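Here is a short briefing for a reader meeting this structure for the first time. Please look over the sequence and the model before reading on.

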Amino acid sequence: MTVAAQNDLGGRPEPRSGTSAAAGTVAVLAPWYERVPGAYWIVGFLLLIMPLLASDFTLFQIFGWTFILGMIALSLMLLAGYGGMVSLVQMTVATLAGYMIAIFGTSAITGISLGWPWWITIPLALIIAMIFGTAVGALAVRTEGIYTIMITLAIASAFFYFTRQNYVIFNGFSGFNGVLPPKLFGVDWRSAKAFYYLTLFWAAVSYFVVLYISRAPFGLALQGVRDNPRRMAALGFNVFAHRVAAYAFAALIAGIAGILLTWQSAQVSPGTGGIGPVIDILVITVIGGTRRPVGPFIGAFIYVILKTFAIDILISMGLSGDRFQLLIGISFLLIVFFSPDGILGLWDRWNENRRRDPLTGQAVVREGGET
Amino acid sequence: MTAFIDRHPVWSFVIFILVAVLIWMVFAIWPDWLTGLIGRKKIFLNAIFNGVTLGGLYFLVASGFTLIFGLMRNVNLAHGSLYLLGGYIGYIVANYTGYWLIAFPVAFIVVGAFGILLQVFVFRKMEGEDLRQTLVTIGISIVMADLMLWIWGGDFYNINPPSWLSGPIDTFFVTGIKRSTGEFIFMTYPIVRVVILAASIVIGVAMWLLLNRTQIGMLIRAGVDDRDMLSATGARIQLVFVGVFAFGAGLAGMAGVVGGTFQSIAPGEDIRFLLASLVVVIVGGMGSITGAALGAVIIGLAEQIGSVYFPTYAVVLTFLIMVVVLAFRPQGLMGRAG
C-alpha cells in the first residue's frame, strides 16, 4: 500500500514544513471539524448515543467485547499491516497485563494478590507487558515472514503452559477471579454503561493513535521497512529498531486491552491466552483486513456477533449449536480465499468498481473521505 | 564433522565431555553418591529411553513438516490435524480388521491422498504467497479439528498393539546389582516402543538415502535450494510438489497411528504435535532432515527428563531450548544461513 493510499483515510493533507507553498496551504485549510469526513461524525455520534438504544447486555457483552478484541487485533494490525510482521503473541501480551493487574492489585486470591492501589498497578502492568512484548519482538525480528508466525506461536504456547503449571505467581490452572476495576470517581466501571464508555474511550484513543502513527515519520518508515528493508537500511534507517519499537507500541495497546478484558470477565486464567484465543485474534484481524486501523474493529464485531449468536444461526440451519468453530473456520477460509485483505478489501474493490466510469472503464479520481 | 571440530574446538570439547558423561551414566553401575544426588538409575534410564522413543515419534511428524516447508515454503499449520486424522483412521482400521500393521499403510495412503487434494485444490491456487498459504492452513486446521470433534467426539482412543508386541523386553542395560546374590538387574522396557523407535530410524535412514542418493532426491534438494531455477531447467516441479506434500502428509498420518499406540488419540493432540514439530523444526533447522532428527531427539529428551526431574516446568524447558537456539543460531542447529 502506498503512502498516497493512506492519505484517503481521513483526507487530511499533511503539512510539510520547509516550503513556502506548503505553509500557504496550511493557512487556508478549513477548520478541523470540516476536514473530518462525514462518516466519522455519524459513527462517532451513533457510538456515543448507543447506551440510549441498546440493552445492557449488548453494551457490555457485544460492544465492550468488540472494542477489547478490536484493540488487541489493532495491535496485530499495526504489526502486520504496517510492519509486515504477523505476530501471534499479542493475545499473550494482553493476558500478561491482565495477570499483572490481578497479581499486583486485588483479586479473590488474597494469598498472591498484593493489593496495591490502581495508580501503581496499572502503569506497572502496562510497563511489564511492554517489556515482554519488546523482548519477544527483539527475538522475533531476527526471523522473517512465516518464521515469525511459528516463533510467536511457540512463545505464546510456552506462556500458556507456563501459567498453567506455575502456582506460585500465576496460580496455575484456575488463575485469578474477582479482579475488579477500581471504583474511580465513585463509578462502578463494571456497570454496562460505564464499561461501554470506558472501552469506547480506549478503543477510540488507540484507533486515532494508530491512525496518527501510520502517517507520522515513524509509521512511514515502518511501512518502508515492510516494503523494502534493505533499501531503508541503505537510507540510514535502523530497521531492527523500527521493528522492535513497533512491537513495543503494539504491546502497549494490547496491554490496555488486556486490562479491560480482565475487568470485563473479572477473571484471568491460562485459557485467556490459550492457543485458541491466540489464533482467534489472527482470524479477527484477517477477516477485518489489515489495510487500515478500522479493519480489526470490523473483524472483532463480526467475530463477537458470530460467537454470541452462532448457536441460533446453527440451530436454524439444522446443526447442533456447538459447531461454532466450524462456522468461524469456514468464514475465515472463505475470506482468505476470496479476499486476502479482508472485509476492507472487499469494500475497497466494490467502491472502486462503483466509481469506475462505465464507458471508458477508467477509475474516477478518488476524492477520499470514506472510512 | 572434522570441519566442525576445527572451527569450534571449545564447543567440540564440551560436546565430547557431555556425550562421554552421558554414555558413562547409561552404562556404568551408579555409585551411591550419584543415586543420592539424582535418584535411582532405573528412573534415569527410563527417562532417557522414553525421551529417545518420543523423539522418534516427533521425528516422524516433524520430518514431513520440514520437508514440505523446505521445498514449498509452506508452513503447514494443519500438519497436526493430519497427524490426528491419521490416528483416527488407524484406530478404525486396526479395530475393524484386527491387524495393527494394516493401519499404517492405510493411514499413510488416506492422509497422503488428502494431502494431494490440499496441494492441488488449495495451495496451487496461491503459489508464491507464503503468508496466505499459512493463513489457509490455519483455517483448515480449525475446520478439521471441529469436524473430527464432531465425528469422533471428545473421547480418548487407544490403538492396541498386537500380542507379539505387547509386554516388556529385557534390555542389556544394567540398572543395579542385587544385594543378596550379586547378580546384575537388567532394565525391562515395552517392546512396542523399541520396535517403533527402530522403525522410525529405518524410515529416517531411508529418507536420507532417498534424498541424497536418488534422482528424485536430487530434484527435491535442488528445489529446496532454488525453486525457480529448478523449474527453469525443465523439471516438472508441480509433480515434485505434489509428491512431497503427499509423502509428508502420509508420514504425519502414519505418525498418528504410532502416537495412538504410544499414547492416545484425542482432540487437542493436533495442536500438541503441531507445536512439537514447530519447535523441533525451529531447533533443528528448516528443511533439513538431519536437523529434524537431531531436534526431535533433543526435544524428546528434554521433555521426558524434564518431566522426571523438574515436573512443573517440563514443557517450558523445551521452549527455553528453542529460545536459546534462536538467540544464538536463528537458522537452527543444522539449518543453513541465508
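Residues are numbered from 1 along each chain as its sequence is written, while chains are lettered from A and ligands numbered from 1 in the order in which they are written.

**Confidence**
- pLDDT is the predictor's confidence in each residue, from 0 to 100.
- Chain A averages 79, and 87% of the residues score at least 70.
- Over residues 1-24 of chain A, pLDDT stays under 50.
- Where pLDDT is low, the predicted coordinates should not be read in detail.

**Chain A overall**
- Chain A has 16 helices and two strands. These are DSSP runs (helices: H or I, at least four residues; strands: E, at least two), numbered from the N terminus.
- Of its 371 residues, 44% are buried. Buried means that 20 or more other C-beta atoms, placed from the backbone, lie within 10 Å of the residue's own.

**Two helices of chain A**
- α4(A) has a kink of about 35° at Leu47(A), shortly before the proline Pro51(A). The bend is the angle between axes fitted to the seven residues ending there and the seven starting there.

**Core**
- The largest nonpolar core has 194 residues. Such a core is a set of buried Ala, Val, Leu, Ile, Met, Phe, Trp, Tyr and Cys residues joined through C-beta atoms within 7 Å.
- Helix α5 (residues 56-82) of chain A gives the most to this core, with 17 residues.

**Interface**
- 30 residues of chain A are in contact with 31 residues of chain B. Contact means C-beta atoms, placed from the backbone, within 7 Å.
- α8(A) gives the most to the side of chain A that touches chain B, with 11 residues.
- That side divides into 22 nonpolar, six polar and two charged residues. Ala, Val, Leu, Ile, Met, Phe, Trp, Tyr, Cys and Pro count as nonpolar, Asp, Glu, Lys and Arg as charged, and the others, Gly among them, as polar.

How values were computed: This is a predicted model: local features need pLDDT of at least 70, side-chain atom pairs count only at pLDDT 80 or more; totals for chains, interfaces and linings use all residues. A residue is buried if 20 or more other C-beta atoms lie within 10 Å of its own, exposed if 12 or fewer, and partly exposed in between; C-beta atoms are placed from the backbone. Two residues are in contact if their C-beta atoms, placed from the backbone, lie within 7 Å.
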